[in-house]
Amino acid sequence: MPDDTPPDPGFEARRIIRAATAATLATQQEGQPFASLVTPGCTPGLAPLLWLSSLSEHTRHLQREPRCALLFTAPAETLNPQTAPRVTLTGIAEQITDAALKARWLARHPYAALYADFGDFALWRVTPMGALMVGGFARATRLKMAQLLPEPEAVAAIAEAEAGIIEHVNTDHADAVAVIATALLGGAPGAWLLTAVDVDGLELSCGETVLRLGFAAPARDADSVRAELIRTARRARAIIAATQQ
């Protein structure tokens, strides 16, 4: 039977934010707005992570005024750009020192290893304060933080299990990772690895290519991540089998 339950706008917004490899950062200086391109990652709890150079104008703006906004955009549904699902997130930016979060951002953007240790670069975290989800043309929903942010208990449970999940999957189920990456996500054949897991999905990498698989529903714990991986791998193998008939 078809599922007529409307999509949860908070979950849909998180999927867009976490899947984005680029975003538009809006800052200001003395009241003058300024927009620039940035490459975000996310903490397990959804706070955007930015790897910024102190030589960049937007970084100097944030140092003076940490209030900012980020626009995350998914592909448009038609030739009309207004049909693109998108999220505007407002928040407070702060420079942080966290080796684990830096590693998480680099796993999302492995090409940045070339300049990750330059002295002028630093990690910034944007604490979300509000969000507007636009599901497409004339479909806007203003989200409270309780609607947008994932359940803290689920975030903590999956964060605690993440390292074990990654080691187990890459050691014992590398074939499933490769099938998901190639059959479902359009990746080229190669040595694919599971590199990150959160409540909303997981990330696979091969060299400098990173692909994200969004879950059908938020995961609650390691068992629900495992169930999603099994379901997804079966679907990917079914696609391959169908093409070989």
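R18 is buried, at a relative accessible area of 4%. The model is predicted. D200 is buried as well, at 1%. The side chains of R18 and D200 form a salt bridge, with N and O 2.7 Å apart. R18 belongs to helix α1 (residues 9–19), and D200 to the loop between β9 (193–198) and β10 (201–206), so the bridge ties together parts that lie 182 residues apart in sequence. Both residues belong to a salt-bridge network that also includes R14, R108, D198, E203 and R212. The structure holds 14 salt bridges.

Another salt bridge joins R139 and E77, at 3.5 Å between the closest N and O atoms. R139 sits in strand β8 (residues 139–143) and E77 in the loop between β5 (67–73) and β6 (86–96), so parts 62 residues apart in sequence are tied together. R139 is partly exposed, at 43%.

Helices α5 (residues 152–172) and α6 (residues 174–184) pack at about 90 degrees, with axes 5 Å apart. The two helices are therefore roughly perpendicular. V169, N170 and D172 of α5 meet A174, D175 and V177 of α6. This contact has three nonpolar, one polar and two charged residues. D175 also forms a salt bridge with R237, at 3.1 Å from N to O. R237 lies in helix α7 (residues 222–244), so the pair links α7 to α6. D175 is partly exposed, at 47%, and R237 is partly exposed, at 38%.

No disulfides are found in the structure. The sulfur of C42 is 13 Å from that of C68, its closest cysteine sulfur, which is too far for a bond. C42 is buried, at 13% relative accessibility. C68 is also buried, at 9%.

Note on methods:
Residues are numbered from 1 along each chain as its sequence is written. This is a predicted model: local features need pLDDT of at least 70, side-chain atom pairs count only at pLDDT 80 or more; totals for chains, interfaces and linings use all residues. Side-chain values use heavy atoms; hydrogens and water are left out. A disulfide is a pair of cysteine sulfur atoms within 2.5 Å. Buried means under 20% relative accessible area, exposed over 50%, partly exposed in between (1.4 Å probe, protein chains only). Axes are lines fitted to C-alpha atoms, for helices over the stretch in contact, and angles run from 0 to 180 degrees between N-to-C directions. Helices (H or I, at least four residues) and strands (E, at least two) are DSSP runs, numbered from the N terminus. Angles under 35 degrees count as roughly parallel, over 145 as roughly antiparallel, 65 to 115 as roughly perpendicular and the rest as oblique. Contact means heavy atoms within 4.5 Å. Ala, Val, Leu, Ile, Met, Phe, Trp, Tyr, Cys and Pro count as nonpolar, Asp, Glu, Lys and Arg as charged, and the others, Gly among them, as polar. A salt bridge is a side-chain nitrogen of Lys or Arg within 4 Å of a carboxyl oxygen of Asp or Glu.
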